[in-house]
Amino acid sequence: MAKTVADLNLDDEHITVGVDDTLQEGAKRMMSIQGGIVIVLNDSNNVKGVLGTNQFLKAMSQAVDAGEAKCAEWMEMDFLKVHQTDTLKHVLSEIKKRSPQAVVAVDENNEFCGYFSPSDYTQATSLVGSLAQLGL
């Protein structure tokens, strides 16, 4: 009865962009969501990196031409990839060990299927704690 990554709603708090898309396009997409991050994908729907507010600010502070610079040039590559079948207990343990900038979920084909957001982390911690109290 262990809860897995697939038990969470990982469809919110992110938007995707391609590695060859410009920072300007990434920023436009990020503006279309409340909070969250931009997941950078290749043509095979594999996660290559993430862009958060810090990456956009760093690029702007260096006077980068956002209409020319590519997302791949500025993305953060410190992300933890988890599978839908991974237990929440295992994922929480890995997050504690690594403290990645982001956690992304992939399916059996290693294709992106969701972003494990800070609110998902809170929900997972609560679920694991509840199951432990029930002895499950």
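Asp20 sits out in the open: its relative accessibility is 59%, so it counts as exposed (exposed means over 50% relative accessible area, buried under 20%, partly exposed in between, using a 1.4 Å probe and protein chains only). All of this comes from a predicted model, where local features need pLDDT of at least 70, side-chain atom pairs count only at pLDDT 80 or more, and totals for chains, interfaces and linings use all residues. Residues are numbered from 1 along each chain as its sequence is written, and side-chain values use heavy atoms, with hydrogens and water left out.

Asp20 belongs to the loop between strand 1 (14-18) and helix 1 (helices are DSSP runs of H or I with at least four residues, strands are E runs of at least two, numbered from the N terminus). Between Asp20 and Glu94 there are 30 Å in space, C-alpha to C-alpha, and 74 residues in sequence.

Three strands form an open sheet in the order 4-5-6, and the pairing is mixed (two strands pair if DSSP finds at least two bridges between them). Strand 4 (79-83) and strand 6 (112-115) are the edge strands with a single partner strand each, so one side of each has no neighbour in the sheet. From one strand to the next, the twist averages 35°. Here is how the pairs work out:

| Strand pair | Sense | Bridges | A bridge pair |
|---|---|---|---|
| Strand 4 and strand 5 | parallel | five bridges | Lys81 with Val104 |
| Strand 5 (102-106) and strand 6 | antiparallel | three bridges | Val104 with Tyr115 |

Helix 4 (88-98) packs on this sheet and touches strand 4 and strand 5, with its direction at about 165° to that of strand 4 (axes are lines fitted to C-alpha atoms, for helices over the stretch in contact, and angles run from 0 to 180 degrees between N-to-C directions). Strand 4, helix 4 and strand 5 together make a right-handed β-α-β unit: with the strands pointing away from the viewer, the path from the first strand over the helix to the second runs clockwise.

What about the inside? The largest nonpolar core has 14 residues, and Leu23, Val38, Val40, Leu51, Phe56 and Trp74 touch the most other members (a nonpolar core is a set of buried Ala, Val, Leu, Ile, Met, Phe, Trp, Tyr and Cys residues joined through side-chain atoms within 4.5 Å). Helix 1 (23-31), strand 2 (37-41), helix 2 (53-61) and helix 3 (71-74) each give two or more residues to this core. Apart from it lies another core of 13 residues, including Leu10, Leu80, Val91 and Phe116.

Technical notes: Contact = heavy atoms within 4.5 Å.
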